[in-house]
Amino acid sequence: MTQYLTAIPVTRENFTAYGDVVCAHDGPFISANQGTAQRYNHVATCTNNREAEQSNVPKANPNLCIFRCKPATQIPFPIKLLERHPYSSQCFIPMATERPSKGYLVIVALNGKDDKPDLSTMKAFTFARNQGVNYGAGIWHHPMVALEELTDFGCIVWENKVSQHDCNIVEIGGDYKTYIPGYRAASSSKL
């Protein structure tokens, strides 16, 4: 039997259990660049828990990389797997592209008692193109899902090149799909 999630627009408040929404906000800022900019500090928590929790693992370094994501061609979007970075936060910030998307899909779940995703906590959010996502360390999430247009994301994550430290992947059983109100599937010609 198919189980459906409905993606809801993200807010800083409804995402706090999973991480941070990265954007300029109503909070305090400082004037920068001789008054031509506003600087918002500490908009996300960048975490590297390896050294704090384990002294016998290789040192992790920040990896600033880019993901070029093809748009989803199926809506409702099928959820087949989740991943997590057990010791590191992972931040994605959409970048300007030739045809900017309206947004992207984020699917998250908390860790369960069995050290696998607790599917009862799985939620789906739509993020606008001017909002980044910062997954907390150990938060299960679906790989990035661009909507309607090819989307580039700048990403920063702490990695030590030990696969079980850097990324865990779990295929989820069952048939899960996500409705994404206001978005349509991309045609294969856009790929």
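Which residues is His 85 in contact with, leaving aside its neighbours within four places in sequence? In this predicted model, the contacts of His 85 are Gln 90, Ala 137, Gly 138, His 141, Asp 166 and Cys 167. One of these, Gln 90, also makes a polar contact with His 85, the two side chains being joined at 2.7 Å. His 85 is placed in the loop between strand E7 (77-84) and strand E8 (90-94). Its relative accessibility is 6%, so His 85 counts as buried.

When residues up to four places away in sequence are not counted, His 142 touches Phe 77, Pro 78, Ile 79, Leu 81 and Leu 82, together with Ile 107 and Tyr 135.

The largest nonpolar core comprises 20 residues. Those touching the most other members are Phe 15, Val 106, Val 108, Phe 127, Val 133, Tyr 135 and Met 144. Two or more residues of this core come from each of strand E9 (103-109), strand E10 (123-128), strand E11 (132-135) and strand E14 (151-159). Another core, of 19 residues, lies apart from the largest one; among its members are Phe 77, Leu 147, Ile 172 and Tyr 176. Phe 77, from this other core, and Tyr 135, from the largest core, are both touched by His 142.

With neighbours within four places in sequence left aside, Phe 127 is in contact with Val 10, Phe 15, Val 21, Lys 102, Gly 103, Tyr 104, Val 106, Gly 132, Val 133 and Tyr 183. Among these contacts, Phe 15, Val 106 and Val 133 are, like Phe 127, listed with the core residues that touch the most other members.

The structure holds zero disulfides. For Cys 46, which is in no disulfide, the nearest cysteine sulfur belongs to Cys 91, 6.4 Å away. As to accessibility, Cys 46 is exposed, with a relative accessible area of 58%, whereas Cys 91 is buried, with a relative accessible area of 8%.

Notes: Residues numbered from 1 in each chain as written. Predicted model: local features only at pLDDT ≥ 70, side-chain atom pairs only at ≥ 80, totals over all residues. Heavy atoms only, no water. Core = buried A, V, L, I, M, F, W, Y, C linked by side-chain atoms within 4.5 Å. Buried < 20%, exposed > 50% of the residue type's maximum accessible area, 1.4 Å probe, protein only. Helix = DSSP H or I, 4+ residues; strand = E, 2+ residues; numbered from the N terminus. Contact = heavy atoms within 4.5 Å. Polar contact = N/O pair within 3.5 Å; in protein donor to acceptor, adjacent residues only side chain to side chain. Disulfide = S-S within 2.5 Å.
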